[in-house]
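Work through the exercises below with the sequence and the 3D structure in view. Try each task before reading its solution.

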Amino acid sequence: MSLPESLPALMYLLAFDTDKNRLTSRSQLGLVLRAAALAELYLTERVTDTDGRAEAAAGARPTGDPVLDDLADQIAAHRPRAWHRWIGRQERATVRAVREQLEADRHLKVEHRALLPDRVEPRDRRAVKQYAETVRGALRRSSARTDPRTAAVLALAARGEVRTVVSRRERREYSRKLDELAVYTGPVADALRKAVRTKRAATASAGG
């Protein structure tokens, strides 16, 4: 079974721990998926950076992907905003939309349960695991030889702390390489890091 093409869908599957059979990074998953959608729109030149703010590109055509097109429409309907602010909006709705899309496209198996949280797992765990290993292998190659989408996946996984793709040790060991790869996402990867830290600080403050 082939994997989906969109970055948000790929990041959702990559957050799944294929060995422990569970979804990880739940607290920041919505942020990661929002950032992945922004990175996709940036890479396809549907959204541009204007003085540190996300702005819809004039004349950009829809992608045909409901998650990406919904975000592009939101950006087009508002004044330019800082990238991390778009990442921090509608997290739960984005997770739900990506999950429903993956289920509809038969990349994800969902057991809907009335009293307990739904049980989800990729239909092809081997393909997800192999893709994660392929992506991780790019850490040991020259940045110039890494295609933009793989670079984006690695940078977003690192900034969003998706440890099934980039472990904490790898974030330290390859910090310079990850900074180089983050350039492919424009301002998105660093905006994701800011959004994660902002949410963590807000959670800590509320708990204190």
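**Exercise 1: Val-67**

Val-67 counts as buried because its relative accessibility is 11%, where buried means under 20% relative accessible area, exposed over 50% and partly exposed in between (1.4 Å probe, protein chains only). The model is a predicted one, in which local features need pLDDT of at least 70 and side-chain atom pairs count only at pLDDT 80 or more, while totals for chains, interfaces and linings use all residues. Residues are numbered from 1 along each chain as its sequence is written, and side-chain values use heavy atoms, with hydrogens and water left out.

Task: state which element holds Val-67 and which residues Val-67 is in contact with, leaving aside neighbours within four places in sequence.

Solution. 
- Step 1. Val-67 lies in helix 3, residues 66–76; helices (H or I, at least four residues) and strands (E, at least two) are DSSP runs numbered from the N terminus.
- Step 2. With neighbours within four places in sequence set aside, the contacts of Val-67 are Ala-97, Val-98 and Gln-101; contact means heavy atoms within 4.5 Å.
- Step 3. For a distance along the model, take Pro-117, 50 residues from Val-67 along the chain: the two C-alpha atoms are separated by 23 Å.

**Exercise 2: Val-110 and Arg-113**

Solution. 
- Step 1. Val-110 is in strand 6, residues 108–111, whereas Arg-113 is in the loop between strand 6 and strand 7 (119–122).
- Step 2. Not counting residues up to four places away in sequence, Val-110 touches Arg-99, Glu-103, Asp-118, Arg-119 and Val-120. On the corresponding count, Arg-113 is in contact with Asp-118 and Arg-119.
- Step 3. Arg-123 is 13 residues from Val-110 along the chain, and their C-alpha atoms are separated by 9.4 Å.

**Exercise 3: Positive phi**

Task: for Ser-25 and Glu-45, give the phi value and find the place in the chain.

Solution. 
- Step 1. Ser-25 is not a glycine, yet its phi is positive, near 55 degrees. Ser-25 lies in the loop between strand 2 (22–23) and helix 2 (26–43).
- Step 2. Glu-45 is not a glycine either, and its phi is positive at about 60 degrees. Glu-45 is found in the loop between helix 2 and strand 3 (47–50).
- Step 3. Ser-25 counts as buried because its relative accessibility is 15%, while Glu-45 is exposed, with a relative accessible area of 62%.

**Exercise 4: Helix 9**

Task: list the buried residues of helix 9 and explain why they line one face.

Solution. 
- Step 1. In helix 9, residues 175–182, the buried residues are Lys-177, Leu-178, Leu-181 and Ala-182.
- Step 2. Looking down the axis of helix 9, these buried residues fall within an arc of 140 degrees, so they line one face of the helix; the arc is that of the directions from the helix axis to the C-beta atoms.
- Step 3. An α-helix has 3.6 residues a turn, so residues three or four places apart point the same way.

**Exercise 5: Whole chain**

Task: how many helices and strands does the chain have, and what percentage of its residues count as buried?

Solution. 
- Step 1. The chain has 10 helices and 7 strands.
- Step 2. Of its 208 residues, 47% count as buried.
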